[in-house]
Amino acid sequence: MQVLVDSNYLFCDIVVGWPGSVHDARVFSNSQLYALGCSGRLFPPDVKEDILGQEIHPVFLANPVYPMLNWLLKGYPENVNTPRVQRRFNYRLSRARMTVENTFGRWKGRFPRFSKGLDMEVDGAFEVVAAACVIHNICEMRKEPYFVDWLQKGFEQPEEEVIQVDELPGCDASYTLAAFLCHRKAKTWNWSRPPAIVIALSRIK
C-alpha cells in the first residue's frame with residue numbers, strides 16, 4: 001500500500017493492490033498522484049510560501065527510493081564528504097517523515113489484524129484495507145482516543161547549529177528548505193509534525 005499522509009495523521013491518498021515485490025518507484029510512477037504531479041494539477045498555482053526570500057510551492061517528502069521531482073523531495077546521498085547543511089536537511093526530512101510511521105502505527109493500532117496478515121481473498125483484502133483507511137481518517141478527525149503505545153517513539157534532537165544562507169550553492173527548493181531548517185526560526189516548529197507546505201509519501205508492504 002502506497003500512502004500520502006499529512007501532519008494530522010490522515011491518509012490523503014492511497015494505492016492498494018500492487019504486489020509487495022514491485023519496486024516503490026514503479027508503483028508511484030503508475031499512480032494517479034504521479035500523473036497529476038507531472039501535469040501540474042496537484043496544487044493551485046497560487047499556493048506558495050515565502051521562505052528566506054524564495055517562493056516555495058507545496059512539496060511531498062519521500063524516502064530515497066522515490067525519484068527526485070520539483071514537487072517531491074528526498075534526502076541527499078550521504079558520505080564522508082556530505083556538507084553539513086545537506087546532512088541537516090536529511091535529518092530534518094527524516095524527522096518530518098516520522099509522521100508517516102506514526103500514522104501507520106495508529107492505523108495498525110486500530111486494526112491490529114493488519115500486523116498479522118489477512119486471511120481472506122486478495123480482491124476482498126483491497127476493499128478491507130481501503131475501508132480501514134477511511135475509518136482511521138474518521139477516527140482522527142473526530143479525535144477518537146487511542147493508546148499512546150501505538151505510536152513509535154521518536155529520537156532526541158541534537159543541539160541546533162545555525163548555518164548562514166550564503167553558504168548554499170543554489171536556491172532551489174531543497175537548498176532553500178535546508179537553509180531554513182538550519183535557521184533559528186526553525187527551532188520553534190514541531191518537526192515531528194511537519195508544516196502544511198509538506199506532506200509525506202511512503203509505502204508499506
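Arginine 142 counts as exposed because its relative accessibility is 58% (buried is under 20% relative accessible area, exposed over 50% and partly exposed in between, with a 1.4 Å probe and protein chains only). The model is predicted, so local features need pLDDT of at least 70 and side-chain atom pairs count only at pLDDT 80 or more, while totals for chains, interfaces and linings use all residues. Residues are numbered from 1 along each chain as its sequence is written, and side-chain values use heavy atoms, with hydrogens and water left out.

Arginine 142 sits in the loop between α4 and α5 (173–181); helices here are DSSP runs of H or I with at least four residues, numbered from the N terminus. The side chain of arginine 142 joins that of glutamate 144 through a polar contact of 3.1 Å (a pair of N or O atoms within 3.5 Å, one able to donate a hydrogen and the other to accept it).

Turning to the helices, α3 (residues 84–110) packs against α4 (residues 122–141) at an angle of about 105 degrees, with the axes 10 Å apart. The two are therefore roughly perpendicular, a label for angles of 65 to 115 degrees. Thr103, Arg106, Trp107 and Arg110 of α3 meet Val129, Ala132, Cys133, His136, Cys139 and Glu140 of α4, where contact means heavy atoms within 4.5 Å. These residues divide into 5 nonpolar, 2 polar and 3 charged.

As for the cysteines, the count comes to 0 disulfides, each defined as a pair of cysteine sulfur atoms within 2.5 Å. Cysteine 12 is partly exposed because its relative accessibility is 43%, and cysteine 38 is likewise partly exposed, at 46%.

How values were computed:
Axes fitted to C-alpha atoms, helices over the stretch in contact; angles between N-to-C directions. Parallel < 35°, antiparallel > 145°, perpendicular 65-115°, else oblique. Nonpolar A, V, L, I, M, F, W, Y, C, P; charged D, E, K, R; others polar.
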